[in-house]
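Trainee: Before we examine the aromatic rings, may I ask for the model to be displayed?

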Amino acid sequence: MGFDFQYMLDLLPILLKYLGTTMEMSIWGLFFSLILAVTIANIRVFKIPVLNQLSQLFISFFRGTPLLVQLFLLYYGLPQVFPIMTGLDAFSAAVIGLSLHFSAYMAESIRAAIISVDKSQMEASLSIGMTTNQAMRRIILPQAARIALPSLMNYFIDMIKSTSLAFTLGVSEIMAKAQMEASSSFKFFEAFLAVALIYWGVVVLLTQVQTWAEKKLNKAYQS
């Protein structure tokens with residue numbers, strides 16, 4: 001059997017209908033992972049007793065185990081231990097799994113960005129009467145965001161690609177639909193190539209957004 005180009009073209013609009021689910025998972029995952037990552041990064045920077053050790057354990061676990069294993073533990077494993085989680089749907093489990101996994105990576109990037117901001121910035125903020133929290137929110141974190149942006153955008157792109165694992169939990173997203181279409185037509189190459197092209201297009205678009213954002217943030221620092 002040869003390559004069926006027309007079949008792939010006809011499949012693209014069908015798959016694009018499921019792109020919304022993929023992007024929704026990614027956006028919710030980014031939202032929650034950033035909140036968690038900023039919290040963990042601050043705990044690590046200020047070395048808060050007990051919480052610092054727990055955050056190190058959290059980062060070590062979620063960076064040291066595969067995302068697919070974490071999703072299975074969350075969706076299939078934990079409900080056996082905690083019956084209250086039996087009502088957790090596949091979409092929510094995927095979002096939680098993505099958030100936990102990528103927050104571990106983002107936390108280290110944000111921590112490094114915070115540390116890279118000159119200490120005199122904090123000292124100057126405290127000297128004019130700001131509290132530590134105010135200095136972090138108004139002075140340190142905005143500068144750290146500029147430094148961390150490239151790596152955070154890369155993690156977001158990885159998150160979008162990692163949503164393809166959600167079909168193993170039964171989420172009806174773009175990869176799941178491609179699998180279904182390929183199984184019924186036996187045209188696996190065309191189906192998965194169509195998926196690859198859609199992911200590629202999304203990543204190219206986000207890369208352009210990243211470039212624009214970096215130029216915007218760096219404009220004030222250009223001489």
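Mentor: Rings of Phe, Tyr and Trp (its six-membered ring) pair if their centres lie within 6.5 Å; planes under 30 degrees apart count as stacked, over 60 as edge-to-face and the rest as tilted. This is a predicted model, in which local features need pLDDT of at least 70, side-chain atom pairs count only at pLDDT 80 or more, and totals for chains, interfaces and linings use all residues. Residues are numbered from 1 along each chain as its sequence is written, and side-chain values use heavy atoms, with hydrogens and water left out.

Trainee: How many aromatic pairs does this rule give?

Mentor: A pair of aromatic rings is described by the distance of the centres and the angle of the planes. Under the rule just stated, the count of aromatic pairs is 11.

Trainee: What is the geometry of the pair F3 and F189?

Mentor: The ring centres of F3 and F189 are 5.6 Å apart.

Trainee: How many residues apart are F3 and F189?

Mentor: F3 lies in the segment before α1 (5-16), whereas F189 belongs to helix α9 (residues 188-218); helices are DSSP runs of H or I, at least four residues, numbered from the N terminus. The pair thus links distant parts of the chain, and the separation is 186 residues.

Trainee: Which residues form the cluster that contains F3?

Mentor: Ring pairs connect F3 with F189 and one further residue. The cluster consists of F3, F189 and F5.

Key
Helix = DSSP H or I, 4+ residues; strand = E, 2+ residues; numbered from the N terminus.
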